[in-house]
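Please work through each task before reading its solution.

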Amino acid sequence: MARKFFVGGNFKMNGNIKSIKEIIANINEAKLDSNTEVVIAPPCLYLLLAREHLREGIEVAAQNVFDRPNGAFTGEISTDQLKDTGITWAILGHSERRVILQETDEFVASKTKAAIDGGLGVILCIGESLEQREAGKTIEVVTKQLKAVADKVKDWSKIVIAYEPIWAIGTGKVATTEQAQEVHAAIREWLKKEVSTEASDNTRILYGGSVTEKNSCDLATQPDIDGFLVGGASLKPAFVDIINSNS
Ligand SMILES: O=C(COP(=O)(O)O)NO
């Protein structure tokens, strides 16, 4: 089965009502490849704004969700509340939360399970640091992150994996097509061995880390790159060119 190309826009902690409305207007007015699935992730304050203004067919993702149902968890958001507001995806395990907020593989796995059980799709972020890559530990690191999820989650049909080498995030140092394809192929092989052939065949594996409209078309030619999770470039008008990079 052909995997539908997938492009996520991770706004991170950027934007305000005015700028996010401008980004949404640019996306709404653009001619977009209908064979590409698009998900937009604004900061949580602007999730409803995005849901109300984005064109039909484009989904909205939260940049985080808690692993427990509604209750006394100050500052957190539940899967029920996201579903209640028409939010259908969650980005989980982003390296900025793993590093800065010390989210463990187990906590990310627990949140992934809660999100899927709550009916959300999950963009599951994994990736190694420069030190880990230079030590030859890339595959060891990313498969350890995946195993923590596989220990809790059996149904991978609602998971999209985003391989985001930390050394490429926000640095302008995009992975080469060979570097990205090598890790994506290893992830797909791991899925086949540790989850199922179906999961391996059907799970989209996105690349993230300094993707721009200048490098996205080359990356999109790789057999195991099924799309992108875009940070900084998702805030700019040329984001629509990245969305169309597989057409
Ligand atoms: O973190 C990223 C990538 O960020 P950049 O595109 O800004 O490198 N996506 O989730």
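Helices (H or I, at least four residues) and strands (E, at least two) are DSSP runs, numbered from the N terminus. The model is predicted: local features need pLDDT of at least 70, side-chain atom pairs count only at pLDDT 80 or more, and totals for chains, interfaces and linings use all residues. Residues are numbered from 1 along each chain as its sequence is written, and side-chain values use heavy atoms, with hydrogens and water left out.

**Exercise 1.** Determine where Lys-192 lies and whether Lys-192 is buried, partly exposed or exposed.

*Solution.* Step 1: Lys-192 belongs to helix α8, residues 177-194. Step 2: buried means under 20% relative accessible area, exposed over 50%, and partly exposed in between, with a 1.4 Å probe and protein chains only. Because its relative accessibility is 46%, Lys-192 counts as partly exposed. Step 3: contact means heavy atoms within 4.5 Å. Leaving aside neighbours within four places in sequence, Lys-192 is in contact with Thr-197 and Ser-200.

**Exercise 2.** Determine whether Lys-111 is buried or exposed, and list what Lys-111 touches.

*Solution.* Step 1: Lys-111 is placed in helix α5, residues 105-117. Step 2: its relative accessibility is 1%, so Lys-111 counts as buried. Step 3: beyond four places in sequence, Lys-111 touches Asn-64, Val-65, Phe-66, Asp-67, Leu-92, Arg-97 and Glu-103.

**Exercise 3.** Identify the residues of the largest nonpolar core that touch the most other members.

*Solution.* Step 1: a nonpolar core is a set of buried Ala, Val, Leu, Ile, Met, Phe, Trp, Tyr and Cys residues joined through side-chain atoms within 4.5 Å. Step 2: the largest such core has 64 residues, and Trp-156, Ile-161, Ile-187, Tyr-207 and Phe-228 touch the most other members. Step 3: a second, separate core comprises 12 residues, including Phe-6 and Leu-229.
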